[in-house]
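The sequence and structure are shown first.

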Amino acid sequence: MVEIQEMTDTSVFGQIAEHQHEQVVFCHDHETGLRAIIGIHNTVLGPALGGTRMWHYASDMEALNDVLRLSRGMTYKAAISGLNLGGGKAVIIGDQTMKTEALLRKFGRFVKNLNGKYITAEDVNMTTKDMEYIRMETKHVAGLPESMGGSGDPSPVTAFGTYMGMKAAAKKAFGSDSLAGKRIAVQGVGHVGTYLLEYLQKEGAQLVVTDYYEDRALEAAARFGARAVGLDEIYDQEVDIYSPCALGATINDNTIDRLKCRVIAGCANNQLKSENVHGPALVERGIVYAPDFLINAGGLINVYSEVVGGSRQTALTQTEKIYDYTTQVLNKAEQEQSHPQAAAIRQAEERIASLGKVKSTY
Ligand code: NAD
């Protein structure tokens with residue numbers, strides 16, 4: 001399976017089968033109100049690592065679909081980055097008001113019961129404090145703050161990897177990986193976006209920025225000598241590179257014809273609204289797309305360094321390789337007359353398949 005398929009079978013096992021998960025754990029606790037799902041997609045390369053997200057899902061099936069999709073993405077991200085990790089993710093169903101110490105610790109017990117097959121971390125709507133509670137019940141927690149012996153904020157490493165991926169894509173599109181004088185539009189100047197702007201400014205790029213919070217965009221503009229534009233205007237900029245660093249699905253039917261760039265390289269997850277539609281559409285338009293899960297893997301690489309006892313420096317050294325991996329994937333896509341996202345998924349699957357054979361003997 002290479003391309004993401006539309007759901008044809010909406011039963012629980014139908015969905016699990018379509019995403020090809022190894023194990024899905026439904027966690028329920030009457031006392032605390034905990035309802036959570038842990039998705040373990042693939043552990044051929046190592047323990048399934050991925051964050052826990054808390055979200056007020058409209059339905060249980062929506063939660064299941066989210067955890068299946070996200071954990072599958074983690075498998076590919078780890079595999080293509082050369083990590084010995086599998087893919088997993090967890091969702092806790094509910095809003096912030098339901099969050100109690102007891103609920104989080106109960107969830108930690110469920111993670112503990114998996115004996116290290118799943119390692120959790122922080123994700124949307126989870127805080128460091130929440131992770132501390134989970135850590136009280138299980139040691140299988142990563143991405144903790146440095147004060148707790150963890151690897152700390154992953155954003156600078158994610159930004160470095162995104163920068164490496166962007167340079168590799170620029171080399172493909174323009175024949176040089178220098179970003180000096182390149183016009184670059186950065187959508188979202190949050191944690192990663194801001195660190196990325198530092199690299200881009202240092203190289204002498206001409207920057208355009210936007211953010212949901214206007215004051216953030218203006219602050220970034222002042223700090224990095226960028227031009228701030230409105231939220232929707234970002235798609236119409238005359239730029240060489242568009243860098244989505246805010247939300248997913250910004251490359252869609254409404255935006256694709258407005259983009260004037262030759263390269264897309266950003267840190268946001270799931271940038272293509274539909275991989276099967278918008279991946280090939282970018283190729284048709286002559287736009288080089290640096291696969292999101294490949295170039296934003298720096299954060300995961302940073303967490304991995306914590307799991308295997310490495311340092312921030314080892315994480316950065318490993319993250320630098322994103323340049324070479326991106327080049328390989330872009331060349332592979334060209335050779336296979338495919339699009340980069342599909343080529344990246346195929347490359348990840350090939351690594352899992354070949355290492356699965358290595359592990360087949362005791
Ligand atoms: P963040 O929340 O710090 O920053 C996101 C920024 O985007 C915020 O400033 C927000 O106001 C802005 N934003 C929201 N909606 C917007 C819109 N419609 N248009 C423009 N700006 C908008 O998040 P982050 O940690 O910087 O992560 C950015 C993206 O990268 C997310 O999609 C995240 O999932 C992904 N990512 C982050 C990491 C990491 O290490 N932090 C790792 C991998 C992937």
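Tyr 235 is buried, with a relative accessible area of 10%; buried means under 20% relative accessible area, exposed over 50% and partly exposed in between (1.4 Å probe, protein chains only). Tyr 242 is likewise buried, at 1%. The model is predicted, so local features need pLDDT of at least 70 and side-chain atom pairs count only at pLDDT 80 or more, while totals for chains, interfaces and linings use all residues. Residues are numbered from 1 along each chain as its sequence is written, and side-chain values use heavy atoms, with hydrogens and water left out.

Rings of Phe, Tyr and Trp (its six-membered ring) pair if their centres lie within 6.5 Å; planes under 30 degrees apart count as stacked, over 60 as edge-to-face and the rest as tilted.

| Pair | Centre to centre | Angle between planes | Class |
|---|---|---|---|
| Tyr 163 and Tyr 199 | 4.7 Å | 15° | stacked |
| Tyr 235 and Tyr 242 | 6.1 Å | 65° | edge-to-face |

Tyr 163 belongs to helix α5 (residues 155–174) and Tyr 199 to helix α6 (residues 191–203), so their pair ties together parts that are 36 residues apart in sequence. Helices here are DSSP runs (H or I, at least four residues), numbered from the N terminus. Tyr 163 is buried at 9% relative accessibility, whereas Tyr 199 is partly exposed at 25%. Together with Phe 160, these two tyrosines, Tyr 163 and Tyr 199, form one aromatic cluster.

Charges also sit over rings, a term that requires NZ of Lys or CZ of Arg within 6 Å of the ring centre and within 35 degrees of the ring normal. Lys 129 lies over the face of Tyr 133, 5.2 Å from the ring centre. The charged end of Lys 182 is placed over the ring of Phe 174, at 4.7 Å from its centre.

Definitions and conventions: Helices (H or I, at least four residues) and strands (E, at least two) are DSSP runs, numbered from the N terminus.
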